[in-house]
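Subject: Structure handover

Hello,

Here is the structure we talked about, ready for you to open. Could you have it on screen while you read my notes below?

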Amino acid sequence: MPETAPFESLCHELGAEPPAAFADLPGETQQRLADLLREARHHNITSLNEAVASGLSFVPRPLRGAITKLVMR
Amino acid sequence: MSEHLEHRAELLKLARLLNLDVEELPDLDAVPAAELRAFREAATDRLFDATAGTLGGISKSSRLVPAAVSATIARKAFGPLLCARTAAAVDPPRAVDIAKRLPKDFLADVSVELDPRRVADILAEVPDDLSVPVAEELGRRGEFVTMGRFLAFVSDAGIEGAMNSLSDEALLQTAFVLEHKDKLGHAVSLLDPARMPGILRCAAEQDLWPEALDLISHLDDAERLPVARALASLDEEHLTSLVAALDEVDLWDTATDVLGMMEDGPARKRLVAASGGRVS
């Protein structure tokens, strides 16, 4: 599988094309920014999923089924 | 604001968003400040939208349990990040009801993770007796970027509470990374003018003249008057550091306006002499 070009990687992690000056940055810088964005997003998703799982255990038992369905749908 | 200072402020804000020290960012000197800001805003949306689906369900589910239970779950299980991400989807009165049951330390943690643009409706309903202690706590922690993002969304009482709790250094640092600099003049007008000499001395002693000059550059003439009076009280050593900073960040135009408001005296004479003919 071909390696993704740094600028494409940055666009992918940002979810949009970055402003023009970012296209002229060295590939190493573009890749570092892409990596930082990916790490931040991954950290967020992991932390949030753990918090959701933990939170459900605090919901009163009679409501747990309905709430689990709402959250996990 | 000079491009150089705006660029530096944007780097601080991008680093905060990514939970890094500014030194950990790659070299972005070639990117203009306006483009750094656009990049940061896109990155903010990306980070907040990544989990939007699950979070909508959590917000809906909070309606099914009493506010006290929601507050307990928020604090003991969800934590500040999840609360911040789900807040935007909770009805404002309900969100405020839950927030009132949470300790200010926890609310400060949540504030760090919030995007104020997404919870403006909630912030508009937060009473001062809730916002001021949280602002004070953020000030105590030195959460400059976080505080700078909230200014446009909190009441004058909240702004005053925060400013009163901030040290002179923290005030300068917060003003520097403020998200809505057009609100800076109003915030300064709420500040006790008696603090201005101390703020300027702090700028000299903590190497924060660029931050102070950036602040001054955003004030109108009336708001600059306390600055002009305070400048007259600075000693030779402080004035020497000011002159060096004015040369470094090229903000003599701003200084010229302020010098025009200063009463004639040793400080004004010293600055006029250093201005190289820019001021007479």
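The lining of the second largest pocket draws on both chains: helix 2 (27-56) of chain A and, from chain B, helix 1 (3-17), helix 2 (33-49), helix 4 (67-87), helix 6 (104-113) and helix 9 (144-150) each supply at least two residues. Helices here are DSSP runs (H or I, at least four residues), numbered from the N terminus. With six residues, helix 2 of chain B gives the most to this lining.

Some background before I go on. This is a predicted model, in which local features need pLDDT of at least 70 and side-chain atom pairs count only at pLDDT 80 or more, while totals for chains, interfaces and linings use all residues. Residues are numbered from 1 along each chain as its sequence is written, chains are lettered from A and ligands numbered from 1 in the order in which they are written, and side-chain values use heavy atoms, with hydrogens and water left out.

Back to that pocket (an open set of points on a 1 Å grid over the protein atoms alone, with protein on both sides within 12 Å along at least five of seven lines; lining residues have an atom within 4 Å of a point). The space in the second largest pocket is about 650 Å³, the volume being what is filled by probe spheres set on the points, which are joined across faces, edges and corners. It has 31 lining residues, and Arg16(B), Leu17(B), Leu18(B), Phe48(B) and Val112(B) are the closest to its centre. By type, the lining has 13 nonpolar residues (Ala, Val, Leu, Ile, Met, Phe, Trp, Tyr, Cys and Pro), twelve charged (Asp, Glu, Lys and Arg) and six polar (the others, Gly among them).

Phe48(B) has another feature: the charged end of Arg85(B) sits over its ring, 3.9 Å from the centre (the rule is NZ of Lys or CZ of Arg within 6 Å of the ring centre and within 35 degrees of the ring normal).

How many aromatic pairs does a search of the whole structure find? There is one over all chains (rings of Phe, Tyr and Trp, the last by its six-membered ring, with centres within 6.5 Å; stacked is under 30 degrees between planes, edge-to-face over 60, tilted the rest). Phe22(A) and Phe39(B) are stacked, 4.4 Å centre to centre with 15° between the planes. The pair crosses between chains, from the loop between helix 1 (6-14) and helix 2 of chain A to helix 2 of chain B. Both Phe22(A) and Phe39(B) are buried (under 20% relative accessible area with a 1.4 Å probe, protein chains only; exposed is over 50%, partly exposed in between).

Best wishes

Methods
On a 1 Å grid over the protein atoms alone, a cavity is a set of points where a 1.4 Å probe fits but cannot get out, and a pocket is an open set with protein on both sides within 12 Å along at least five of seven lines; lining residues have an atom within 4 Å of a point.
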